[in-house]
Amino acid sequence: KTAEAIQQFLSALRAESNNLSARFNLGLALITQGNFSDAAREYETARSAAPQDVDVKVNLGYAYARAGRLDEAQKAWEEASRSASASAEAQNNLGVVYFARGDSKQAEEAYLLAMKISPDLLEAKSNLAAVYVKAGKLDEASDLYRKVLEKRSWDQEALVNLGTACLSKGQGAEAVRYLTTALANDPRNPQ
């Protein structure tokens with residue numbers, strides 16, 4: 001199905017090379033296939049054609065990150081975050097890069113800004129909780145994981161991490177509840 005969609009997008013681009021929608025969707029399809037380098041090339045072309053398009057920059061950063069090009073991903077997401085329509089997703093993704101590089105303070109700032117732009121961005125809440133766990137702020141982390149679970153009760157990462165935080169705080173019964181739910185949802189989960 002994805003291969004067929006790719007052929008349709010390529011056909012549309014052969015007919016009209018400036019078709020930004022076809023190029024954007026081709027990038028998404030390539031990402032779906034795991035072809036991150038080609039997706040990055042498509043988004044680079046799209047960025048040249050539409051340098052103010054925040055979504056193009058966000059997806060370009062994602063393609064770069066998945067291709068292992070973190071410096072370029074960071075630059076793309078920084079560009080997106082400086083746009084007039086600042087992207088919560090770009091801020092969240094910047095936080096991921098900062099956290100991966102060991103800069104918890106900058107990651108925290110990025111996640112907080114993402115949540116200010118889009119209070120319902122659950123990924124930013126979950127990512128901020130991970131920063132708080134690392135800093136030993138288990139109550140704050142637990143509160144954020146609970147907020148994620150209010151919206152996505154099946155979220156494995158939040159269930160496991162909240163269960164682990166509860167264990168660390170000596171709340172064994174609550175920990176068992178979250179970890180048992182996680183195990184019931186996905187018995188093969190390595191966490």
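**Close-ups from a predicted model**

**View 1. Gln171 sits in the loop that links helix 10 (156–168) to helix 11 (172–185).** With a relative accessible area of 29%, Gln171 comes out as partly exposed. Setting aside residues up to four places away in sequence, Gln171 touches Arg146 and Cys166. For a sense of scale, take Lys105: Gln171 and Lys105 are 66 residues apart in sequence, and their C-alpha atoms are 28 Å apart in space.

**View 2. Helix 5 (residues 70–81) packs against helix 6 (residues 88–100).** The two axes are 9 Å apart and meet at an angle of about 150°. Since angles over 145 degrees count as roughly antiparallel, that is how helix 5 runs relative to helix 6. The crossing of this pair is left-handed. On the helix 5 side, the contact is made by Leu70, Gln74, Trp77, Glu78, Ala80 and Ser81. Helix 6 answers with Ala90, Gln91, Asn93, Leu94, Val97 and Tyr98. Sorted by class, the contact has 7 nonpolar, 4 polar and 1 charged residues.

**View 3. Asn127 is a buried residue of helix 8.** Helix 8 covers residues 122–134. Asn127 has a relative accessibility of 17%, and it counts as buried because the cut-off is under 20%. So what does Asn127 contact, leaving aside neighbours within four places in sequence? The residues to look for around Asn127 are Asn92, Val96 and Tyr111.

Methods: Residues numbered from 1 in each chain as written. Predicted model: local features only at pLDDT ≥ 70, side-chain atom pairs only at ≥ 80, totals over all residues. Heavy atoms only, no water. Axes fitted to C-alpha atoms, helices over the stretch in contact; angles between N-to-C directions. Helix = DSSP H or I, 4+ residues; strand = E, 2+ residues; numbered from the N terminus. Parallel < 35°, antiparallel > 145°, perpendicular 65-115°, else oblique. Left-handed = near helix turned anticlockwise from the far one by under 90°. Contact = heavy atoms within 4.5 Å. Nonpolar A, V, L, I, M, F, W, Y, C, P; charged D, E, K, R; others polar. Buried < 20%, exposed > 50% of the residue type's maximum accessible area, 1.4 Å probe, protein only.
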